[in-house]
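Here are my notes on the chain you sent. They are set out as numbered points, to be read with the structure open.

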Amino acid sequence: MAKKFKNYSVGEKITKSNDSYTTWTNDLLRKLITSKTVINPGKTTGGHRLIESEVVFVFLSGFGEVEIIEYSNHEAGHGSNPSFGIEHKEDIKVRAGDILLAEEGDFIKIKNMHTTEQLTYL
């Protein structure tokens, strides 16, 4: 139990790294995972759907765009047609200081719109 009261860094363990972005994750707690992602200029994350989780994005530096797709049939999936079951799709501009909330079932993809600076978020 005492380990919960120590100061742990989000940046201890790289969980994914490629030419587009790097993610560090700290999964010390059972119900909350913290991570930091740095997206290189002009690059994007691969995108993923939130399964049994909700996310709070806190943008620390840079600016970009978040593609959010809400599916009305997120339990059933969308098969081979990615547009099947889309209830709402939006591209949201983000910059340092912005906070964005995403719900279970949402598909999230983040793009760094800057040509020389990294986009960083928790």
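1. A surface patch here is made of residues with over 30% relative accessible area and no salt bridge, and nonpolar side chains are joined within 5 Å. Under that rule Val56, Ile99 and Leu101 form a nonpolar patch on the surface, and together they have about 320 Å² of accessible area. Ile99 belongs to strand β8, residues 99-102. Its relative accessibility is 58%, so Ile99 counts as exposed, the cut-off being over 50%.

2. The model is predicted, and the points below should be read with that in mind. The chain has 10 strands and zero helices. Of the 122 residues in the chain, 30% are buried.

3. How much of the contact set joins residues 24 or more positions apart? Such pairs account for 67% of the contacts in the chain with a separation of 6 or more.

4. Leu119 is an example of a buried position. The residue sits in strand β10 (residues 119-121), and its relative accessible area is 0%. Leaving out residues up to four places away in sequence, Leu119 touches residues that include Thr37, Val38, Ile39, Phe59, Phe63 and Ile110. The C-alpha atoms of Leu119 and Leu60 are separated by 7.7 Å, although the two residues are 59 residues apart along the chain.

5. A negative surface patch is formed by Glu52, Glu54, Glu103 and Glu104. Glu52 is placed in the loop between β4 (48-49) and β5 (55-61), and is exposed, with a relative accessible area of 70%. The backbone at Glu52 also deserves a look: phi is near 50 degrees, a positive value in a residue other than glycine.

6. Side chains of opposite charge can pair when their charged atoms come close. How many salt bridges does a search of the whole structure find? The search finds three.

7. One of them pairs Asp19 with Lys43, with the closest N and O atoms 3.8 Å apart. This pair links distant parts of the chain: Asp19 is in the loop between β1 (14-17) and β2 (21-26), while Lys43 is in the loop between β3 (34-39) and β4, 24 residues apart. Asp19 counts as exposed at 57% relative accessibility, whereas Lys43 counts as partly exposed at 31%.

8. Glu65 forms a salt bridge with Lys93, and here the closest N and O atoms are 2.6 Å apart. Glu65 lies in strand β6 (residues 63-71) and Lys93 in strand β7, so the pair ties together parts that are 28 residues apart in sequence. Lys93 counts as exposed, at 59% relative accessibility.

9. Lys89 and Glu67 form a salt bridge with the closest N and O atoms 3.5 Å apart. Lys89 is in strand β7 and Glu67 in strand β6, 22 residues apart, and the pair links distant parts of the chain. Is Glu67 buried or exposed? At 19% relative accessibility Glu67 counts as buried, because the cut-off is under 20%.

10. Asp91 is found in strand β7 (residues 86-95). Apart from neighbours within four places in sequence, Asp91 is in contact with Glu65, Val66 and Glu67. Asp91 is partly exposed, with a relative accessible area of 45%. The C-alpha atoms of Asp91 and Lys109, 18 residues apart along the chain, are separated by 9.4 Å.

Notes. Residues are numbered from 1 along each chain as its sequence is written. This is a predicted model: local features need pLDDT of at least 70, side-chain atom pairs count only at pLDDT 80 or more; totals for chains, interfaces and linings use all residues. Side-chain values use heavy atoms; hydrogens and water are left out. Helices (H or I, at least four residues) and strands (E, at least two) are DSSP runs, numbered from the N terminus. Buried means under 20% relative accessible area, exposed over 50%, partly exposed in between (1.4 Å probe, protein chains only). Contact means heavy atoms within 4.5 Å. Patches are made of residues with over 30% relative accessible area and no salt bridge: like charges are joined within 9 Å, nonpolar side chains (Val, Leu, Ile, Met, Phe, Trp, Tyr) within 5 Å. Accessible areas come from the Shrake-Rupley method with a 1.4 Å probe; for residues, only the protein chains shown count as cover. A salt bridge is a side-chain nitrogen of Lys or Arg within 4 Å of a carboxyl oxygen of Asp or Glu. Lys and Arg count as positive and Asp and Glu as negative; His and the chain ends are not counted. The place of a charge is taken as NZ of Lys, CZ of Arg, CG of Asp or CD of Glu.
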